[in-house]
Structures are given as C-alpha cells and as structure tokens.
Number of protein chains: 4
Amino acid sequence: MTERIRLGMVGGGRDAFIGGVHRIAARIDDHFELVAGCFSATAEKSRASGADLGLPPDRVYDDFTQMAKREARLKTGVQAVAIVTPNHMHAGPAKEFLKRGIHVICDKPLTATLPEAKKLVKSAGASDALFVLTHNYTGYPMVRQAKAMVADGALGALRVVQVEYAQDWLSEPLEDTGMKQAEWRTDPVRSGAGGATGDIGTHAFNLAGFVSGLRVESLSADVQTFVPGRRVDDNAHVLLRYAGGARGMLWCSQVAPGNENALKLRVFGEKGGLEWRQEDPNYLWWTPLGEPKRLLTRGGAGAGEAAARVSRTPAGHPEGYLEGFATIYAEAAAAILAKEAGETADAAVMYPTVQDGLDGVAFVDACIRSSKSEGRWIALP
Amino acid sequence: MTERIRLGMVGGGRDAFIGGVHRIAARIDDHFELVAGCFSATAEKSRASGADLGLPPDRVYDDFTQMAKREARLKTGVQAVAIVTPNHMHAGPAKEFLKRGIHVICDKPLTATLPEAKKLVKSAGASDALFVLTHNYTGYPMVRQAKAMVADGALGALRVVQVEYAQDWLSEPLEDTGMKQAEWRTDPVRSGAGGATGDIGTHAFNLAGFVSGLRVESLSADVQTFVPGRRVDDNAHVLLRYAGGARGMLWCSQVAPGNENALKLRVFGEKGGLEWRQEDPNYLWWTPLGEPKRLLTRGGAGAGEAAARVSRTPAGHPEGYLEGFATIYAEAAAAILAKEAGETADAAVMYPTVQDGLDGVAFVDACIRSSKSEGRWIALP
Amino acid sequence: MTERIRLGMVGGGRDAFIGGVHRIAARIDDHFELVAGCFSATAEKSRASGADLGLPPDRVYDDFTQMAKREARLKTGVQAVAIVTPNHMHAGPAKEFLKRGIHVICDKPLTATLPEAKKLVKSAGASDALFVLTHNYTGYPMVRQAKAMVADGALGALRVVQVEYAQDWLSEPLEDTGMKQAEWRTDPVRSGAGGATGDIGTHAFNLAGFVSGLRVESLSADVQTFVPGRRVDDNAHVLLRYAGGARGMLWCSQVAPGNENALKLRVFGEKGGLEWRQEDPNYLWWTPLGEPKRLLTRGGAGAGEAAARVSRTPAGHPEGYLEGFATIYAEAAAAILAKEAGETADAAVMYPTVQDGLDGVAFVDACIRSSKSEGRWIALP
Amino acid sequence: MTERIRLGMVGGGRDAFIGGVHRIAARIDDHFELVAGCFSATAEKSRASGADLGLPPDRVYDDFTQMAKREARLKTGVQAVAIVTPNHMHAGPAKEFLKRGIHVICDKPLTATLPEAKKLVKSAGASDALFVLTHNYTGYPMVRQAKAMVADGALGALRVVQVEYAQDWLSEPLEDTGMKQAEWRTDPVRSGAGGATGDIGTHAFNLAGFVSGLRVESLSADVQTFVPGRRVDDNAHVLLRYAGGARGMLWCSQVAPGNENALKLRVFGEKGGLEWRQEDPNYLWWTPLGEPKRLLTRGGAGAGEAAARVSRTPAGHPEGYLEGFATIYAEAAAAILAKEAGETADAAVMYPTVQDGLDGVAFVDACIRSSKSEGRWIALP
C-alpha cells in the first residue's frame, strides 16, 4: 500500500449534502485522507465543520484562495482538492488549485455558465494537474459492463438510445420553504440557467455518451418550468441525433411523482439491447437479438473484467451509490499516483474529465436555446 | 341473457393473426356469434377459412360488397361486422356495411391514408350504425382504472405524459423472408406511409389520450428507418404538446431488441403519478405525491368500479390481452344492443370511435411531415 | 373444424365463481357448446341460471341424476359434463355421468374425503368415459415449458423443490359475514377436512409434481388454523421427500396479507434452476448453473414447442388465468375427440386425471395426520 | 467529532474475503482507525498483509495472544478488535481480548461448536468489554424499518414467518478445486458441523428473530447434503414454532442455481404483511390488510426514523451491503463510546450480541439433531 493521497475540500460544510458523500467516497477505498478544507464562505461555519471532521484548526480556511496558496507551500499540503460548492463556485477555486499543480476533483455540472466552462477547460489544459469531474454514475460496475459490451460490439451498430432521469422532489415549490438544497438548485445565479437540465440532465447526457461511446451532433428540446414561480426549468424533453446515425431521447424531470432518483439508460443496436437503472444498479438487462433476455449481475457469470475491476464484493452483495462514487475517487487516485510517479495510468482507468464537463454545460445551453426557438436543431460542438 | 349478436367478418382467413384474436375476443363474453364472413380476397381461401370455422357455405363470401348486400337482405343477416384486413382495406368494406346500417368493428389504424380516413368519418357520420375501432389496449381494466383516477383528479392537473411502444421483431429485414405479417406491415400501399408510427405509434397515441383525457395540440417528430431497404419507418421519437400545457414524449420502435410488445404509459400530475405496462397489465403503479408508491392490482383493494366493470376474475387471477380485447367487443355489444333497443347505452360504456381513428391517422401524417421539415411543430386538428 | 362438443354443467349457478370461469374456458377455443345444465340444487335457481345462459328450459334440470339419465338418452345429449359444485358434491354427479359414458370435467379437489376419492377412482376406471380434473395451473404455457425443460434434463437431477401458494382473503373470519365463497370453503362438510390444504395446497402439490415429474414419498406437516373459530386449516407448512432423494417445501396459506393468489414454484437441479409465478404467468426464470439468469417468455426465443402448443397469441401479448384454464378444456376436447374417433390422442395432449385427484386428497389427509402426530413423516401411497 | 476508535484485527489477511469487508465497513462512517493486526497464523503472511494495509511493523503480530497482551499495555493500543477468522478460531482470540477489556467485534457464526459458544458467552459476561456479532443484515435500514413496524404493531399479532437464504455457489464440489472460501466453509473442523445451516442459516434465523421480535420455541428440520463427498450440509428445510403461536419456515441452501445471495424475509400478521430481500435492500414491501401493497423505500415517504438513523444518502441513492455492514460498526462505535464515557448508549443503538451468537449455534445444533431423529421437534433454549 502506498501512502494515502492528501485531500482538501472546498465546500461541503454543515447542512450540505454532497460534501458528505464525497468524503465517504474518498474513504471507502482508503486512497485519500482528508487533511484540509475551506468548508464554507462563512468563516465560523467553515471552522465548525472542520472541527466536526477532526481537522486541526490551522488546516481549516475561510477562503479558498488563501487555502490554495498556503497548502501549495506546505510540505505535506493537499495533493488534491474536492470542490463541492454550488455550481457557480466551481471555477473559481478550481483555477486557484490547478494553477498551483493541485489536482481537482470537482462536482458537476462543471460551471453555471458556458463561458465559464470554456475558460475552465483552458485553465485545466494549462495545468499539469488532473481534473476529475464526479459524474459518479459512470462509476457503477454495471455501467462499466455496459460500456465494455457496447465497445466490444455486442450490440452491433447502435440505433437508439433512450435515457431518462426523473425525480419528484421538486414537484412543489420547495425552494420557497427555506429548504437549502432546493434553494440553490433553483437559483439561476448559483445553479446556472438550467434547473433539471443542469442538475440531472447533464448526468443523463453524460451517462448515455459514456456507455454508447457516441457523440451527439445536434439536439432539439422542449424545456418547461411547471412549478409556478420557479426560475429554472424542472422538466425537459430532448431529441438527440448522434454521429453515425443513431437517434436518442433524453427526458429529465424533477416533477414526476413516483420517481426518487430514477436515472435509466437503454441502448439498442442491430444485434441486441441493454437496460440499466440507477436505483437497482447491480443489474444489467441484456438481450441478444433473437435470444432470451438475460439478467447480468455484478459479480455474476455474465459480468466481465470491466465490472469486476471496480467491484468490492461478490455477486449478491449489493453495492450502491456510495461505492459507485468511490470508484470515481479510486480512479482519480490511480491517475494521480501514476501522474506523480511520471507514469501512464493503466488503460482501464477512466474518469470524467473537464471536457465532459464542458459538454454537459453545452448540452444545457443547447437545450435552452433550442426550446426558445421552437425546437430548432442545435449543433453541439 | 339476450340473444347473441350476429357477427360477420371481413379478412382474417388462414395465416392471418388478428382475425383469430377478434374471434376469440368476440367469444369470451358470449355476446356475439360468428355467422358469416368474407375471409380473403381469394375465393378459394375464403371458403376454406369459412369451412375451418364451421360456417355454412352460403354465408361465406368471395367479395365484401356482395356480402354486405346479401347479409343486409337476410332476415338473420349479420348485425355487425368485424373488419380485420390490412389497413388499406378497412375503408372499402366499412362503407359498404355502414351504408346498410350494419355496425362496424374495425381494426386499427383506421385507414392507410389521411384523406381516406376523413371520408370514412363522413361515412360513419352518415350512418345510423355504430363504428367501433379496436384500440384494444383501452379495454384493459387497469387502463380503465388509470383513466378514472385521472378523471377523478387523483393526480391533479397533469404535467407530463411519457408513452412508449417498443418491439424488436423488425430489427432485421423480416419482410424479405416472405413472412406475411412483416410484408404487409412494411408495405406503404397496404399499411400506409407510417410503419412503426402507424402500427404501434397509433396505439400509444390513443392510449395516452384515453388515460390522460388530454388533446394533443401539436407535435414535433424525428422519424427514422433503420433497417436498410425498408420502405416505412421503424422508429420514431415524438414530442407532444397538450392543450392546457402538459407536455409529452412518445417513442415507438420496432427495432429495440429486448422488447416484445412493450407498450408503457406514465402520467404525472401535480399530485401524483401513474405507471402502466401492457406486458404486466394487471398492475398499476400509483404514487400520491409525498406518499409511498402503491401497486394497485386488478380486483385488489385499490381498484375501483371502472376496473371491476370490465373484469372477469378476482384479484390474483391474471387477465391478459385477449380479455382486454374482449372488453372492446363487450362494450360494442352493449352499445349495439342499446342502439337497437332505441336506448342510450350506460354511461360507463366506452369504446374507441371513428374519430379516434382519424386522430390516429392524423398523428402518423403529422409525424412524417414534422420529421421531413426538421422537427417543425405541426398542429393537430 | 369439427363440430363442437356438447357440454353440460352441474353447479355454477348465479353467485358461484368457478362456474363462470369454466364456461369462459370452454368457450375460448371453441371446442365446446354448453347445451344443458343442473346449475343448482334449488330448482328455481337452476332454471333462472339456465335462462341467464340462454338454454332451452327442457335442457335445464333440478337434479343431476335426472339430467344424466335424460341426456344419455337424447340423440344430441351432452357428450361431456363440467362438475363445478362444492367438493363434497363432486363424486355423486361424476358417478352418474361416468356410468352412462359421459365424459367428466371436474373441479378440484377431487372430493371432500379420502374414501370418497378412492371410490371415484374406481368409478372412473370402470367407465369408458374420460375424467379430467381442472388443476388449471398446469395449463399455463410456461408451466408446460418448465415441465418440458425438466423432462429434457436441462436441470440435471433435481435436488430441491420449493412451492408455495399464498393468499390473504381469509385473514379475517369472512365466513361469518355471509360471504358464500368463504362459507363453503371453510365448512368441513362441504370442503373437506382441509381448508387451505385442500383448496390451494392441492394445487401447489399438483403443480410441483407436474413440473418436477417427481413423486412424493412422504411428508411432514405443521398445519394451523389462525383465525379463531375457523373449522378448517388456513395455513400449512409441509416438508416433502421425493422418490430419488430430492427434497421439498410446500407452504400454503390463506392468511398471508399481501398475497392475492400467489402460487409460486421453484425447482433446482444439479445443472440449473427454474422459477415460475402464477400472477406473472407469461414469464419463466431459468438459470443454467454458472450462466446468467434468463427470462423466458411465452412466445419468446427461449420458449419451445410445449409452450407454443398451448398458446394463442405471440410474445408480449399476455395470456392469463382464463387461457390457462381453457387449455385444460382444449386438452379435454382433444382427448374426447380422439376417444370418440377410436384413436389415440396426440402424445402431447395432457391433463390432470382422477388419479391426480386422489393424490391431492391423499396429500390433504397426510398433512392433517402428520400434523396431529407432531410432524411424523407420513408415507404417501 | 470525537477521536476515531483504535481498531485491531485478527484474521483477514490476503485472500480472505470478509476481512476486507470489515475494514471498509469500519471506515465508511469514520468511527474507527485500523492500527494493529494479526492477519494470519503464518507470520510472513500476517506481515505482508499488515504492510499492504500501511500498518507499522511493530503493530503487526504473528500471534493473537501476543497481540492482545501487548496492545493492552500500549497507551494507544487497540480499543476494539475485529475477529474475522474461520469459525473455529473466533473463541480463542475473543477470550484473550475480552479478558483484557478490549471490545470484540466478531464475525458469525459465533463458534464452530455449541460448547464453545456457551463458554464464550460466559467469557463475555465476565468482561466489561462489549461483544458485537456481525449479523450484518440487521444493519440494513429497511430491516430496521421492518423491525420498527412490527414492534409498533403495524402487523398486529404475528402469525407466519417465512425466511430463506439461498445461494448456488456450492452446487458443485468447489471445495475440491482448491478454492479457499469453499474449503474452510465445508470443513467441519473449521466451520462447525453445519454447512449451509451455519454459514447462512444462522443469518436467516437471526434476521427473522430480529425483525419479528419473536423467540423460536422449537424446530423440526430436514437437513441434506446433496453434493457427493461434501462433509457438511448444503441445504436445510426447517419448520419453526414461535412463542406465542406464530409458525415459520426457514430454508437455506447453497445448491440452488439462480440464487446468488438471496436472503429473503416475509412476516405476516393479523393486520398486514412485510417482505424484504437482501439483494434489493432499499425496498420494503408493506401490505396493510385490505389495502394496496406499498413499496416503502429507504429515505422515502413511508420510511421512518429507525431507517433514517442508519442511512447515509437520500431516497433513490441505493445503499448496499457494505453500508449495512458499516451500520454494525457504527452501532458498535456508539456503544463503545458510551461505555467508555460511562454513559448509557442511546436506546436506538442496537447490535447483535454474544447471546444472539449462542442462539445461532444452538439453531444449527438443533437442526442437525432434529434431522437425525426424523424431524423430531427440538426445543430451543
């Protein structure tokens, strides 16, 4: 065992949701150790959160720039930083750490605006440090399995991609009740112009691309805000045209009662079809054309090396959301260690990049533009 | 028990699929008796089929016009006729029987072309006889249950409708193998310009309208033909805008491996969501917003009168496709008997009409036009 | 098409449940025509029921012996009779028809007592007429598929059989509310000493034997009556030892909330396992050892001739309880027609016999005896 | 945040399965830090494993007694020890640590023999230290939910408990192939007289007791070894009689193809029924008698405080096996911290105890004795 990578965190103080998830994810495979943080823009809150986490006071900061500067100078300063702030606060800290050669593990969507995203891509490109975006659903073993099967040609040429991400938690104007998660996620300043499109649509878009290996050439969207007074979209219907001729549909909604976190992907090709659902992530339905449907299970007879590489337990011992998230951290660790050792990471190591992040922000932008122009097909870069 | 209604049939000879389904459906609830038929355009085949069915030779015809004429004169001639020919052969016989006051039970889609459909609506309007279109999926008890719940306001104002109908049987060019069902269903002359849109898209469109009670104002479509050489579409992605502001998505495909006959409807409103799947038709998933999801079952505690009215067996004794189809026949019988008795049928009696048929053909037409004009939103009449 | 077989019915008047099921089942495949009946021991009720069914008054009887005598003399008298009375009233009419060479299609369990069952086996043996017991669950296509796979050795030598049949409708003392179905089914005089064991345990026992092809050598049971005041059992736990060394478990219960009609069978062998559930009857789960689980579907790629022979619709068009029941009637028709033509029925024709009926009654008897002697293993004949 | 509890480990070296699980489980909620270990009886292997885990060499031991002695003397020696050796090696180390006041977290089953188990109960009773048995399935949130609902009377008086734990990995003589896990688990010396009964039957037995709150008074078992040459059982059918009159069935099998780790519990009472499956652990099916079945989800509207207390993520973000296991560690941590602070742990804190361990070993013993005496009912202590 090599040493654990020293990790800092920006955001993720008390009352935040995703910060805690990142910390567990970083811990599960024991590749990281949280050693510093700037957990809130409010100094007092940042300190309290740092204390909660058992960090020494001198490694808890009120300001991320100050944190980046000092940690970069410390002999045992952070090697990587997790950025888990609201969307509009990703780029600022990311740049500070990137320019000091500190690897960035950043929550999605990449930024709140497209220009910001483009700049961040440049910053990342100019840095030797790695940039890892936590499109965590790509960390699920059976998503890896699906990607490998598509890549291996099991489905033949792809024809149709159906992806959806439905939730119901914003069916009512929860943002008016003081609920923090709802507040910032429906605030165009903090979240970006996209509501459902940004928060969950980007995940669906990324997942479909990850598994299919296909690039969307253009899209046509009908974007809605159903809850009166809401300032961002809460439902979107999107048609996709992929390079090579495949077509797709993407639906994201936060106003679909009966859906908790229902990300679902179906991919159909000339020779077979696959179906995967995030809420039952250890299963992958696979139908070779003309044969009975098979239920592939993580660790089971039909799952291969791509799934096994990122699994921790045998078949029948379900792994979940946190383990999938942990895989992103494990992949980041592998890449960071290779990088620091001046080596090339194993070819199997894969994680979402800043370019994926830009693609996601461009997706949101295109959805909104298409919808405003009566569904005109918008080319994606 | 009243007498059984004397039924004739046009089409449905040897090798046909849907004719046999209509005959079982007509028999299940014992409201009809098959007494005459013109089962094929080929005289010999028609006679052989009639003999198979135990009909006396003088009630088996080579020509539907001749059949309509003679049966109309017979004292115990047919009271109703089932038309189960390929799509382009619906209107011709329908008019012959309608103009002689013989009720028509016609397979869907209504016709192969929109002008034909419009004319048939006029013919039906000019006749005293009833016109029943067999959008059979509306006969399932849990579809009736869903419709009743929506109508009763259980979901509040509707926001989103997701409907899909996926199959995989045309993933390969089956029409080139001599397989009869594939041949005519992919022949634009017999089937109409729509392939998947006409054969199954119309079912999905009708079902969504039936349950939601909403009217589609306009649609935007991306229609594809994936199998090389195929002359009609085999996949379509359609965005829907409903009167009142709800939005929807319709996907129909015959090239989606792993899907046998996967018609699925989800309806989401301000206060709840419903989900129904044709392949598991005795279940209806119902989530009142903020409460646990419930699995309503045909005959079970959560199912009401609308479902019970069209059920034959208690909870846990699954009813299927044939029973759902039989309900269309039972409703037709109730309407015919009321009509012939000069009474108004019970308000609960409902069946798809010639107008539903026109709507379906208009849907296909609009999909194709929209797709040809880069997804322009096309208003539906 | 040959002529339809003339069918009579004993029992099944107004308010009965299973009589209506038998009539639909007899109608679905059009092999039978109901021409006579003795629908109730009450003359007035029998006549009213006959009128409901459109029968001529002279073919409606007050007394089954009188019916048997007269119908046997008529030139176009019944060729077969369906007996759908409560259990204690099966043997009486069966003997009257059997001794006049009229085929009997009898509901299960065979009789209310073991001595009665033994006598009925003799009566059936002494008659040229056929005796068909409606263990209808053996008529489901995927049950036939399962049986064929076991017989073909797909599972290798069988090791474990898990069968259960759970309901919840008798969780409360419904028999005290005047509910007719509950009354007679919990009355030891009419139903027999077994409650759940007789009404549904016999189905489970029969199904397990049908699919596995194995014979139970002995059983050990723990039989309970949970609802206070109930005069028959409402739950039973049974251990089974099969000839050849396989072991099994049978659970039947009518007091298991959340179960409507949950008959489920699992069979495990050296080389694979199968699972089938009555409430989702078009599916059969099949796992070859060391391979992914497959979902075989009626009409789908993995289903063979045994299932296809008794199917009416293509894959994805669900068939249900009534169709499975109809298959028993179709098999009976095939056997009757062969018999009357002096031929041997096709080897594929299969239906439950009077011997299966005796086995079921012996099963109930053994359960009760074992339970009374602290679970002593009781040999089955 | 308080300091992390210093944890040692006995067993769990390279190639072991459950050791790694314990380490992740201990890490997820950050209550423990692994600081010492005796990972193997082979000195070299223990050291290599310790190095893998980044432990300093002086905290890696070749001998557990030596480890207990030294760690007890160290100022920052282990406060708790995880024992993850094969079953016959639980009691030895447990006693060494217990007698030095070091808390024990021990894998199940408690011991390989009943006498050993009884002695260990005494040792634990004589120590001030806590003894936690990792019946990890009791850590799943929806298992906690089920237990709370039963305790709150949601089901009324219980009547029937159906529990099963089926696997297929030992369908063939894997122990003859050199596969380590199969070897020791089928070796009566290391595993105990029970094979499936000990390895998984004890889990099922414990889970049923945990959720139902009922005590088994007696059992009757039929225990089998299907794989030729195997020295322990691989399948068992057990009937249960609970105090108060409820009855149950327990099936455990390691030769049931199609089952990976299929632990399933169903509990039925006068007023409702529950069903939970380990492989889909975020769901709990709940049917109040006479109402539709509900699908309760972890974090969803129907789940209460008992589930929320042991959850880490919101609804729709599946937690799995490792998180359930982590809950046992979190509960242990809470109890240890309370203990060390001289306080009483929160009433909600619960974990399996050494007494549960004894009950499990007694269960195995009773199964074997009952089976050897033709299913005689054996009283449990």
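In strand β2 of chain A, A:Cys38 is the bridge partner of A:Val10. Strands and helices here are DSSP runs numbered from the N terminus, with at least two residues (E) for a strand and at least four (H or I) for a helix. Six bridges link β1(A), residues 5-10, with β2(A), and the two strands run parallel; strands count as paired if DSSP finds at least two bridges between them. In general, the strands of a sheet pair through backbone hydrogen bonds, either parallel or antiparallel. β2(A), residues 32-38, is largely enclosed by the rest of the structure, because six of its seven residues are buried. A residue is called buried if 20 or more other C-beta atoms lie within 10 Å of its own, exposed if 12 or fewer do, and partly exposed in between, with C-beta atoms placed from the backbone.

The model is a predicted one, in which local features need pLDDT of at least 70 and side-chain atom pairs count only at pLDDT 80 or more, while totals for chains, interfaces and linings use all residues. Residues are numbered from 1 along each chain as its sequence is written, and chains are lettered from A and ligands numbered from 1 in the order in which they are written.

Chain B lets us look at a whole sheet. Five strands form an open sheet in the order β2-β1-β3-β4-β5 of chain B, with parallel pairing. β2(B), residues 32-38, and β5(B), residues 131-133, are the edge strands; each has a single partner strand, so one side of each is left without a neighbour in the sheet. On average, neighbouring strands of this sheet are turned by 25° against each other, direction ignored. Within the sheet, β1(B), residues 5-10, runs parallel to β3(B), residues 80-83, and four bridges join them. Here B:Val10 stands opposite B:Ile83. Helix α3(B), residues 64-73, lies across β1(B) and β2(B), at about 130° to β2(B). Such angles run from 0 to 180 degrees between N-to-C directions, and the axes are lines fitted to C-alpha atoms, for helices over the stretch in contact.

Helix α9(A), residues 196-212, has 17 residues and reaches 22 Å from its first C-alpha to its last, close to the 24 Å expected at 1.5 Å a residue; the expected span is 1.5 Å times one less than the number of residues. α9(A) bends by about 35° at A:Thr202, the bend being the angle between axes fitted to the seven residues ending there and the seven starting there. Of the 17 residues of α9(A), 17 are buried. A:Gly213 follows α9(A) and has a positive phi, near 70°. In chain B, helix α12(B), residues 354-372, is largely enclosed by the rest of the structure, because 16 of its 19 residues are buried. Just after α12(B), B:Glu374 has a positive phi of about 55°.

Finally, the chains meet one another. The contact between chains A and B takes 32 residues from each, where contact means that C-beta atoms, placed from the backbone, lie within 7 Å. On the side of chain A that touches chain B, the largest share, four residues, comes from β9(A). Likewise, 32 residues of chain C are in contact with 32 residues of chain D, and β9(C) gives the most to the side of chain C that touches chain D, with four residues.

Technical notes: Two residues are in contact if their C-beta atoms, placed from the backbone, lie within 7 Å.
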